[in-house]
Amino acid sequence: MFGLFKKSKDSQNGESTPEWYSELQENQQRWFAFLEKLEAKMEEFATAAIPELKEIMQSDDDIYKRTFHRVYSGVNGQLNNIREKARDVYEEKVHDVYYNLNSQISVLSKHHNLLSDFRSACSDRYNEFENKYDYWRKQIDKTQERDLETEYQKILDEYEAIKNKFNCTQCGGNIVIEKIFLIETYITCPYCQTQNTFAPSTLGSNLQNIARNLAEQRTAHLYEAYEAEKDKERDLYHQRHELSLSIIHEKDKKVLHEVLLKMDDLEEQRQFAIKNAPKLHQEYLRAMYDELNKITPDLKEHNEKMYQNQLQYL
């Protein structure tokens, strides 16, 4: 495939370069052009699919959103096919070419760096493609986010519409439904004491399926604050570590003193973040379970047990 032992002149620097280098450059250019086309195709496909997915999510009355998930699965399949094409071509046109040549060219050869540069450039470009794939995949994933406040309001509206329309099967007396029931429940008639079975609608019983996610959405800002504090600890650690590496060979006492002061300050901030992160986590959990108790008051005892269990892992 490549003329390993033929030589040609580099017109720019006059140094002798192997003939296979021009073929290697051509491979790289084709690889770059191929990825550009795939990226354009991926962007075109995703930007068309995202509005459609959002519309299906909003218009699908099925509480399990089965129509949405079928379409969503198909979209992800198409996106993954584009990614697979990039992977296959990379294996054939970059990976295999590199290792084929690498097995024939000594690492001591003055031209081996040309081969290494080829692999590095192609790998870096492949990573750019992967980043763009990840971006569009995340944008598509966001279409799964449901408007839980709207769904919850529909449940409340339905409850208001039916709470005074339930009658005793024995005497016909009106029985007020005093709260949203999640499961089939026996309700005693206040007039004749007959036990009546009340079965919540599909919409009403779905409250238990969306309650946790709704509570988490309402307290997402507190969770984000906790995550930020946790990330801050790691970031401060790395900053301090980099400073410690920077003074390994430093002999200037003034510079050393200034850097050590910065390191002490970073460590103080890090220790604060270590202590503060669990507090923020607990604050989030308490607020989230408070919201959950408001949404499903009948499950308060169960919710509180879950809260206490999670506290054990802070």
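Biologist: Does His 281 count as buried or exposed?

Modeller: Buried means under 20% relative accessible area, exposed means over 50%, and partly exposed lies in between (1.4 Å probe, protein chains only). His 281 has a relative accessibility of 17%, so it counts as buried.

Biologist: What kind of model is this?

Modeller: Residues are numbered from 1 along each chain as its sequence is written, and side-chain values use heavy atoms, with hydrogens and water left out. Local features need pLDDT of at least 70, side-chain atom pairs count only at pLDDT 80 or more, and totals for chains, interfaces and linings use all residues, since this is a predicted model.

Biologist: Which residues is His 281 in contact with, leaving aside neighbours within four places in sequence?

Modeller: Helices (H or I, at least four residues) and strands (E, at least two) are DSSP runs, numbered from the N terminus. His 281 sits in helix H8, residues 253-295. Contact means heavy atoms within 4.5 Å. With those sequence neighbours set aside, the partners of His 281 are Tyr 226 and Leu 314.

Biologist: How many residues lie between E5 and E6 in their hairpin?

Modeller: Two strands pair if DSSP finds at least two bridges between them. Strand E5 (residues 185-188) and E6 run antiparallel, joined by 4 bridges, and Tyr 186 stands opposite Thr 197 in E6. In the turn, Gln 193 has a positive phi of about 65°. The hairpin's two strands have between them 6 residues.

Biologist: How many disulfides does the count come to?

Modeller: A disulfide is a pair of cysteine sulfur atoms within 2.5 Å. By this rule the count comes to 0 disulfides.

Biologist: How far is the nearest cysteine sulfur from Cys 168?

Modeller: Cys 168 is in no disulfide. The nearest cysteine sulfur belongs to Cys 192, at a distance of 3.6 Å.
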